[in-house]
Amino acid sequence: MPAKIEIDFTDEKLTSHGGWIFLGRLFNRLRLGERIGETLRLKQRARGASDAQMLLSLVASQVAGGGALSDVDVLRVDAVGKRLLGLSEVPDSRR
């Protein structure tokens, strides 16, 4: 997650969800990913996105106005959005 917010006009690496930086900072400040990881253990295999990444992805999608599980796929392909949220991986909505 970027430590400093810079506003610039460019055509490269854009996201329509720039406000996610504030949500990502909230996730980080509350240590939400760590807490979810310590509490929730649904996943059987050690590959792919964790349970915490799945839940945080769903929360971010809902905050952005998504109303379906498939809205996570928008975040999955948004490299800048993932960085703003502090998510290294976003699972496929079919998970």
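These legends go with close-up views of a predicted model. Local features need pLDDT of at least 70 and side-chain atom pairs count only at pLDDT 80 or more, while totals for chains, interfaces and linings use all residues. Residues are numbered from 1 along each chain as its sequence is written, and side-chain values use heavy atoms, with hydrogens and water left out.

**View A. R31 pairs up with E34.** The two side chains form a salt bridge at 3.2 Å, N to O (a side-chain nitrogen of Lys or Arg within 4 Å of a carboxyl oxygen of Asp or Glu). R31 is partly exposed at 37% relative accessibility, and E34 is partly exposed at 46% (buried is under 20% relative accessible area, exposed over 50%, partly exposed in between; 1.4 Å probe, protein chains only).

View B. D92 counts as partly exposed, at 22%, whereas R94 is exposed, at 74%. The model's salt bridge count is two.

**View C. Here is the largest nonpolar core, with 14 residues.** Such a core is a set of buried Ala, Val, Leu, Ile, Met, Phe, Trp, Tyr and Cys residues joined through side-chain atoms within 4.5 Å. W20, L23, A60, L75, L85 and L87 touch the most other members. At least two residues each come from α1 (20–29), α3 (51–63), α4 (72–76) and α5 (79–85) (helices are DSSP runs of H or I, at least four residues, numbered from the N terminus). With four residues, α1 gives the most to this core.

**View D. Zooming in on L87 and its contacts.** Leaving aside residues up to four places away in sequence, L87 touches Q53, L56, S57, L75 and K82 (contact means heavy atoms within 4.5 Å).
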